[in-house]
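Here's a quick briefing to read with the model open beside you.

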Amino acid sequence: MEVEDELRAEQAFVDRAYERLDAMRADAQAMMDAVLDLGRGGTFQSRTERDVIVRTSLARLEQLDIGDQALTFGRIDQAVDGSSGGPVVESFHIGRLAVHGADHEPLVVDWRAPVAEPFYRATGRDPQGLVLRRHLGLDGRQVVGLEDERFGVGGWSGVIPGADQAAEAAAAPATDGGGGELILGEVPMGGPAALLAALGRARSGRMSDIVATIQREQDEIIRSPLPGVLVVQGGPGTGKTAVALHRAAYLLYTHRFPLERQGVLVVGPNPLFLRYIDQVLPSLGETGVTLSTVAGLVPEIRVRADEPPDVARLKGDVRMARVVARAVRTRQRPLAADVVIPYGALLLRLTAAESRDIVEGARRRPGSHNARRRQVEQAVVRLLAGRARQSQQRLGLDAPGTVVAFPGFDPPAETDGGELDLEDFTRKVRRVPELAHALDRMWPRLSPHELLHDLFGAPPLIAAAAGGILTPEEQRLLRRRRSSSFDDIPWTPADAALVDEARHVLGPRGGGQDDAQLSYGHIVVDEVQDLSPMQLRMLCRRSLSGSMTVVGDIAQATSPAASRSWEEVLAHLPDRRPPRTVELTVSYRTPAEVLEVAARVLAVAAPDLQAPRAVRRVGSRPEIVAVDSPAALAAGVVDAARRAMALVGAGRTAVLAPEGLVAEVTAAFERAGFPSVDPRGAGRAALSEPLVVLGAGGANGLEFDAVVVVEPAVIAGETTRGLRTLYVALTRPTRHLAVVHARPLPSALVPDGR
């Protein structure tokens, strides 16, 4: 059949599918309107049922709202046994959500359904029963192109990507010319023309889903089983972040019952990154996922400062868990001297020795610190009640621990049988200030942020908590001037993990259930290589069953407390099941021209690691620009950015500079009449601006059409892992890279090794 006929047939199908989608939305809206029209009256049961219908209808409407995303993007034709009639072909259209006809027969199959798996997995050597895989190119609701891959039936038949050249040409309008050309013919790819078209589209400043172009190695990770820890190692451009997010959507589809109730948490490295990815899961129909940074999981504090790398590294060290535990223990202490508690006309004595026995007994009991405060109170009150009972029985006698002030006193309450009413006595004696002070001395109720603020502000407390664990020099690194108000404390990202550790040891201040530390059925962690052991511990505590997907690249480990290997990461994650480790080896986003430059830096920064293999070239060689002096640097950056923006047209350009030069570069753009923003402090749409200026250390996980890297020698020298930060910065572009410098380049960047 001619391509034009195929296009018309597919268009007719797409029209029908959208009609049914609109009808399904109308049905959901009508159901909600019907119950709302009934008003708010009725029985409790009827109101409950109405609320359930409204919530269900709203969730369904949200799921069916796909905006301008393509409803269906592919089709598979599969050979099945037709019994006596021989093989027959069944066709399934694959899309981002399931759509059924008026007869409830499926029209579009959800991409996560088992029947859709061959769309992503089939290769020439393993066609999985397919005779055809078709990628559809849509512009809104209009079919603008087709790409067919035909498979042999009954044995291996070579896959010819884009076999229908006319169809491949028809798909070309979906790209703006930045897709480049494939260079890895030995890597099996599904829908190569569709993939290049997607890669060639201008960045929007927000990550898009890759549901239409998921490749086999990515799909195998997405559909991995739920239990246990899955580690995904992936270099720049391999799609590890997209894979992790699509895996979250897949798990919610496949394990809807437990995960919708237990929740799914996605953890990113910083708020800017979360803004960058926040539309991916909603575009896949999943809006109930929690997105947060690690620090965002700690509600007691607001991170507002950074600290020297050596301090951050120390605070992230797993030894700090012992320091925090001992800091709590040092607040569990017996009385230094006997205390006399006035009660009516009685003076009830609590001796220092008795307080020591009570504290030691409470220390041996299980539970959090604040929960055991009640045990201490009960032990003290029982002891004092015994003293009061003795006084009641021996009026006028000098009983041990009891002094009768004068005859005719108001004795403690009694029951009808003459026994002391312990409940009434407890209620009254707990109001005595001397007893409250004694209990606070022995076993104070503590809040985690108060504990850490007190600890860091008092060298004696640091010495008591860290002695034998940290060296004297390390103890000095923890010191911080006390603030007069909790709102003024310069909390740092590393502090957040320590506050969380303290909360775990302390428990809620009231001693009840800890509502602040939620747990989740599955946790996805991106850029996990940059998390410290203490941060990994806090994520581990939030896992209900040990089910996690952690993705990252050891080569891009840049934080002070970053892990040097996956073994170090796994040492602090759940170990209920053996972990599974997989690797993404092909870079789709980062072109070969860029990776060739970045790989030289990686070879110096981490000689035992390798950059991924690029799948495409874009024909734009990296531009190395030397300026005469530091004074001319900013002007050189502006000129390089002009050229980059002209090259990528509607795309996004980022200038990645050393942190100390961000303000200077931004000012240079203002003088040149170029509007630019630092997206870290701007609004949610900041990454959508045509030009952004960003510190190189904050670029992890982001991508841009063009990138201008400023003064690489300074980036490489800013931190102990500066060369890795430079590697990250160099691998952010999808099309064009420029490097502008006044200082001598790092040796790995010198062209031709000169």
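This is a predicted model: local features need pLDDT of at least 70, side-chain atom pairs count only at pLDDT 80 or more; totals for chains, interfaces and linings use all residues.

Residues are numbered from 1 along each chain as its sequence is written, and side-chain values use heavy atoms, with hydrogens and water left out. The chain has 754 residues, and 53% of them count as buried (under 20% relative accessible area; exposed is over 50% and partly exposed is in between, using a 1.4 Å probe and protein chains only).

**Overall make-up**
- The chain comes to 27 helices and 24 strands (DSSP runs numbered from the N terminus: helices are H or I with at least four residues, strands are E with at least two).
- Take the contacts (heavy atoms within 4.5 Å) between residues at least 6 apart in sequence: 74% of these join residues at least 24 apart.

**Aromatic rings**
- There are 4 aromatic pairs (rings of Phe, Tyr and Trp, the last by its six-membered ring, with centres within 6.5 Å; planes under 30 degrees apart are stacked, over 60 edge-to-face, and the rest tilted).
- One of them is the tilted pair of Phe 73 and Phe 119, at 6.0 Å centre to centre with 50 degrees between the planes.
- Phe 73 sits in strand β1 (residues 72-80) and Phe 119 in helix α3 (residues 117-121), so this pair ties together parts that are 46 residues apart in sequence.
- Both Phe 73 and Phe 119 are buried, and together with Tyr 120 they make up one aromatic cluster.
- Elsewhere, Arg 261 has its charged end over the ring of Phe 257, 5.3 Å from the ring centre (the rule asks for NZ of Lys or CZ of Arg within 6 Å of the ring centre and within 35 degrees of the ring normal).

**Val 108 and its neighbours**
- Val 108 belongs to strand β4 (residues 106-110) and is buried, with a relative accessible area of 1%.
- Leaving out residues up to four places away in sequence, Val 108 touches a set of residues including Phe 13, Ala 17, Leu 71, His 93 and Ile 94.
- Ala 17 is 91 residues from Val 108 along the chain, yet their C-alpha atoms are separated by 7.2 Å.

**Helices**
- Helix α24 (residues 633-648) packs against helix α25 (residues 662-671) at an angle of about 60 degrees, with the axes 9 Å apart (axes are lines fitted to C-alpha atoms, for helices over the stretch in contact, and angles run from 0 to 180 degrees between N-to-C directions).
- On the α24 side, Ala 634, Val 637, Val 638 and Ala 641 meet Glu 664, Val 665, Ala 668 and Phe 669 of α25.
- In helix α11 (residues 309-316), the buried residues include Val 311, Ala 312 and Leu 314, and also Lys 315.
- Among the elements covering the buried residues of α11 are α12 (319-329), α17 (448-456) and α20 (493-506).

**Two glutamates with positive phi**
- Glu 527 has a positive phi of about 50 degrees although it is not a glycine, and it is found in the loop between β14 (522-525) and α21.
- Glu 527 counts as buried, at 2% relative accessibility.
- Glu 711 has a positive phi of about 50 degrees too, again without being a glycine, and lies in the loop between β23 (704-710) and α26 (712-718).
- Glu 711 counts as buried, at 3% relative accessibility.
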